[in-house]
Amino acid sequence: MGNTYEAYSINVYKDDGCCCSSDEVSVMEMEQRTADIQFYLFNQLKRLRMSDLFETKSKPIPITKAMVWEAYRKVKSNKGSAGVDEISLKIFDENLSKNLYKIWNRMASGSYFPMPVKEVVIPKSNGGERKLGIPSISDRIAQEVVKTYLEPRFEKEFLPQSYGYRPHKSAHQALENVRENVRKYAWVVDMDIKSFFDEVNHELLMKAIEKHVPEKWVKMYIKRWLETPVQTKDGLIYKQGQGTPQGGVISPLLANLFLHYVLDKWLVKEYPTIRFVRYADDVVVHCISEQQSHYVLEGIKLRLKACKLRLSEEKTKITYCQDYRREKRKDYPKKFDFLGYSFKPMSKKSKRNTGVFLGFDCEMSMKARTRIIEQWETIDFHRTSTLTLQNIAEKLNAQTRGIINYYGKYNIRTLEKLFRHLDFRLAKWVKNKFKKLRSYQKAFDWLRDIKLSYPNLFEHWWLSKI
C-alpha cells in the first residue's frame, strides 16, 4: 500500500454506530466500537483488488496510475543520471508518491509538457563526438508510459531482421545471424547512416506513426517530445523539424518504426535475394555477387536521400568475405565491424580434428578493446595505495563480468590478451603499495599467491594467465 500515490480512505457512516460522542459511552463500549471499525475497514480493504487501487476515473486521457507506476519501475531499474532539473533518482524517490501523482495527473489531463533535454557529449574513439540528449527523470517516466503502451502494437509490424532495442531480441542474436549469412554470401555492404538520430525527419516519422496510432493523445505527446529543445552549454537549441534525442526512452522505438519503413520493408520488397541484419541504425547487407553489392549500395543511397537521410562515405564500404572456399582478392577490404565485433578471415579448427582451415568469423574488435583499456586507465587505481585488493575488485568486477558475458560469446580466448593489461595494472598497484615488491616479477608472484588462495576474487582470473 505504501507504493500507491494517494492515501485511500473508507467512509464510516453514522448508521454503523461509529459516531457517538465519547461522553455518552463507557470505556468498554469505546473499545468495542474501535474493534468494530477495525473489522469494518479490514473487510472493505479485503474486497478491494490491487487494480482498484490504481483505477483512474474522470480524466480525458486513459492513463492510469498503474501505468505510471510500472513505467517508474522500469526507469529505476535502468538507473541513469539527472536531466536539466538536476533531480536524480535518489532525490526523486524522496517524495515518490507526490512526484508520480504529478506525472499521472498531468499526463491524464493533457497538461503534461516535457522539460528541455540535457545535452551530454561523449568522445568517440575516432576523435569525433556523440551527443546524447538526457531527459529528466519525470520525462523518462512519461516516455516509458507511452513506449510501453505502443510497443506491443509496433512489435507486430517489425521484421525479424531488426534486433535493436526490442523485447526478446539481443545483440548476440544479431551477431549470430550475421555469422550465418557470411557463410552463404561472399559480399557485405557495411553501412553507417550519418548522424541518424540528429536527422530523423519529423514529418516522415509522424506519417509512420499515423499509420499505427489513431489515439490523438499519443500523437500529441510524441510531437511534444520531438519538438523539445536541447539544453547545451551555450543555451537552448530548438529543433528545425528533425532529430530525436539519442538517450530518450522512446527514441529507440521511434527510430525502429522509422527505419522499418525507410529500410526494412523497402529492402525486402526491392531486393528479395539479399539478406540483411539491422541493430538500430547499424545495418549489414549480405549480397550474392560483387555486382549486386554495388547495385544495392547505390539503391540504398537514393532511398535514404529520398527519406532525408544519408550514408557516411568514410564508414560505408563493400567487404569481401574471404574464406577457404572463395577465390583470393586484393581489391576489397576483408574485414568489417559490427556491434563491437570484427568479422574477418581467421584460422578455424576443423570439427573432425583434421587440422585448421581459413574461415570467416568474428572476435572482439580492436576498437572495443582499446575503449575498455582506456576506461581502465581513467579509473587510475594503481596510483591509489590506500585501496585494498578487495576495493579494486569491487570497482572492476561488475564491468569485467559484462565484458566476459558479451565479448566471450565468440572466440573467448581473445579476452586473455585484454586481461593481460588488467593484470599488468594490478601488478603496478602492488609495486606502488608494498615497498618490498618493487619489481614486476615480485608483484606478479604476490598476485599468483593471492589467486591460489582466492581464485574468485577477480572475475577475470579464471581466464588469466598470471
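Is Tyr-221 buried or exposed? I looked it up: Tyr-221 is buried, at 0% relative accessible area (buried is under 20%, exposed over 50%, partly exposed in between, with a 1.4 Å probe and protein chains only).

Notes on the source. I am working from a predicted model, where local features need pLDDT of at least 70, side-chain atom pairs need 80 or more, and totals for chains, interfaces and linings use all residues. Residues count from 1 along each chain as its sequence is written, and side-chain values use heavy atoms, without hydrogens and water.

Aromatic rings. I found 28 aromatic pairs in the structure (ring centres of Phe, Tyr or the six-membered ring of Trp within 6.5 Å; planes under 30 degrees apart are stacked, over 60 edge-to-face, the rest tilted). Tyr-221 and Trp-225 make a tilted pair, with centres 6.2 Å apart and 35° between the planes. Trp-225 is buried too, at 6%. I then checked Tyr-406 and Tyr-407: their planes stand at 85° and their centres 4.8 Å apart, so this pair is edge-to-face. Tyr-221 and Trp-225 also belong to one aromatic cluster with Tyr-112, Tyr-149 and Trp-217.

Ser-464. I looked at its surroundings next. Ser-464 counts as buried at 10% relative accessibility. Its side chain makes a polar contact with the side chain of Asp-423 at 2.4 Å (N or O atoms within 3.5 Å; within protein, one able to donate a hydrogen and the other to accept it, and sequence-adjacent residues count only if both atoms are side-chain atoms). Leaving aside neighbours within four places in sequence, I noted Asp-423 and Lys-451 in contact with Ser-464 (heavy atoms within 4.5 Å).
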